[in-house]
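Open the model in your viewer and follow the stops below in order. Each stop says what to select and what is found there.

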Amino acid sequence: MALEIITANRLGDGLVIFLTTDGWSARIDAAAVSETKDETAALLARAEADAGLVVGPYEITVERQADGSLHPVKYREALRTRGPSVRTDLGYQAA
Amino acid sequence: MYVYDELDRGLVNERVEEFRDQVNRRISGELTEEQFRPLRLMNGLYLQLHAYMLRVAVPYGVLSSTQMRKLARIARVYDRGYGHFTTRQNIQFNWPKLEETPDILAELAEVEMHAIQTSGNCIRNTTADQFAGAAADELEDPRIWCEIIRQWSTFHPEFTFLPRKFKIAVTGAVSDRAAIKVHDIGIVLVQGTDGEVGFEIWAGGGLGRTPMIAKKIRDFLPATDLLSYLEAMLRVYNRFGRRDNKYKARIKILVHEIGADAYRDAVEAEWADIRDGALALPEQEISRIREAFTPPAFEALETASTAFEARKFEDRGFARWVASNVRRHKVPGYAIANISLKPAGGIPGDATAEQMDAVADYADRWSFGELRVAHEQNLVLPHVRQEDLYDLWLALGSVELDAPNIGTLGDIIACPGMDYCSLATARSIPVAQQISERFADLERLHDIGSVSLNISGCINACGHHHVGNIGILGVDKKGEEFYQVTLGGQADENAAIGKIIGPGFASDAIVDAIETIIETYLSVRQDGETFIGTLNRLGQTPFKEALYGTA
Ligand code: SF4
């Protein structure tokens with residue numbers, strides 16, 4: 001199966017976050033990676049238990065790059081990891 | 001302009017405190033997202049791709065300088081220094097924090113603004129001609145009637161849960177700048193046989209998945225009957241509109257399924273019962289609202305200012321800006337100044353906090369403190385003395401708001417698309433940026449002349465692509481952004497839905513395709529013929545051949 005991770009938006013400020021092995025991170029590379037359907041289901045269940053902290057968790061497919069970093073397959077999700085393509089001074093890409 | 005009465009003020013303040021409590025309960029975990037989501041949407045707070053988005057209503061596109069300064073402050077203090085003016089004459093902030101939203105709403109309430117009914121299946125902000133109260137071709141100021149509709153539709157208990165969202169537009173002028181024929185209800189002010197003002201009523205227009213031009217429901221509705229008739233129209237829709245399928249729930253589907261005649265009959269029957277009831281508008285009430293829109297204290301001026309004419313003669317840049325951005329005012333010596341939010345390569349509709357503050361200052365200095373938002377995502381100073389236009393133009397230049405491109409190919413309408421919007425299938429803004437850059441040369445832009453180009457990032461059509469002379473719809477084709485082109489749309493009094501010209505274009509080919517279309521027009525147009533004129537005369541064939549070759 002393709003690699004999957006869980007993403008959501010943080011309740012307080014709405015920013016994009018990813019489920020890690022022990023919480024949530026704004027960095028996609030910190031995400032907990034699933035390689036099976038069961039693992040994804042388990043991660044999603046953990047994410048949903050955090051409904052008081054995050055909004056709308058769902059799984060996305062990613063590819064691992066040669067340097068070990070994770071890259072979403074869908075353009076929409078890639079945009080979420082960076083910020084608006086038309087305002088590169090905003091969002092995570094600006095940091 | 002209209003000033004809130006105690007009732008309005010009380011309602012809006014109550015709503016802010018109620019929302020503050022709801023936000024606190026969501027954060028403390030007392031409310032789940034399922035419970036909270038509809039509550040935040042009722043207060044205009046969406047969750048988009050990167051963050052929350054707050055949509056603030058600008059009632060019928062009218063802003064005072066004080067309100068504009070407040071929007072600038074919100075952009076600066078609570079957001080990332082800018083806001084986005086939308087095709088519904090509203091403004092969106094792209095980065096508000098949930099915890100801070102109640103404070104934003106409280107600040108808005110201080111200047112009689114809110115985000116109520118900017119989401120959900122209710123009657124949304126009524127839109128109007130952005131030249132209301134100033135246009136030379138206006139029968140009467142449509143804002144009077146917009147305000148009456150606003151008061152009736154705000155928190156209307158019967159119409160809070162309609163089958164779908166509901167949009168009303170009003171124009172008081174001969175030229176339709178409010179796109180009334182693509183609204184659920186479109187209202188045109190017309191003169192009755194005795195010279196009195198009444199309304200022509202249209203229904204069932206709309207864009208989105210099934211674009212349709214409205215049908216005329218009534219030639220003349222007396223002024224007193226406006227609300228009872230609207231109520232009857234909404235009731236019939238509320239009763240018969242399809243709730244089984246989101247895509248079929250708009251009034252346009254009802255009107256087109258049963259036909260305009262059957263819809264009219266049902267409305268008239270309903271209306272007969274309520275016509276003389278509580279909704280009949282007493283003359284005093286109309287006068288009270290009319291007074292709120294008393295024109296500002298215009299000076300008695302010559303029709304033409306010699307200083308203004310001289311400036312145009314001396315300064316070509318100024319003359320060009322006047323030709324494209326200035327429109328005729330109903331009062332001699334005055335003019336309507338359009339402020340383009342479309343610099344070449346810029347993001348259509350975006351304005352920085354500094355620009356908002358500057359424009360508020362210009363409004364105070366030169367336009368009686370009044371501003372308007374146009375559905376084309378531009379701003380308007382409605383009442384500028386002709387002799388002040390030169391100073392205004394210089395001032396606008398100092399904050400990069402002097403693009404001389406209103407109504408040209410540079411004046412692109414584009415929805416936020418996938419750069420911000422969670423529903424998008426493709427980006428729209430970069431396409432707009434590339435096209436406006438490609439046509440940045442002003443000689444060429446003005447030679448091409450009047451043409452509307454509208455871009456949407458998905459079938460919801462917030463960028464009104466169906467009614468652009470050239471329309472672009474971004475779709476997802478096997479994971480790639482792909483763009484469909486329609487030609488022949490019009491949003492004015494000759495409203496028409498554009499037709500798809502042929503197979504779509506990849507993102508690296510769409511700008512060339514647009515250029516091909518424009519070059520084709522230039523090569524076949526007759527003297528003085530606009531893009532839409534040429535297209536209507538020759539049909540799609542020459543454009544198709546240029547784009548796809550002769551098969
Ligand atoms: S048209 Fe689609 S992509 Fe554009 S703003 Fe509307 S919903 Fe979003």
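Begin with chain B and chain A: nine residue pairs are in polar contact between them, both residues at pLDDT 80 or more (a polar contact is a pair of N or O atoms within 3.5 Å; within protein, one must be able to donate a hydrogen and the other to accept it, and residues adjacent in sequence count only if both atoms are side-chain atoms). Select α14 (429-438) of chain B, one of the helices that supply at least two residues each to the side touching chain A (helices are DSSP runs of H or I, at least four residues, numbered from the N terminus). The largest share of that side, three residues, comes from α14(B).

This is a predicted model, in which local features need pLDDT of at least 70, side-chain atom pairs count only at pLDDT 80 or more, and totals for chains, interfaces and linings use all residues. Residues are numbered from 1 along each chain as written, chains are lettered from A and ligands numbered from 1 in written order, and side-chain values use heavy atoms, without hydrogens and water.

Next, colour chain B by its domain assignment, automatic or from a database: domain 1 (6-110), domain 2 (134-291), domain 3 (306-398) and domain 4 (413-548). Select domain 2 and domain 4 of chain B, whose C-alpha centres lie 31 Å apart. Each of these two domains gives 12 residues to the contact (heavy atoms within 4.5 Å).

Last, select the ligand. Among the residues around the ligand are C415(B), C421(B), C458(B) and C462(B) (a heavy atom within 4 Å).
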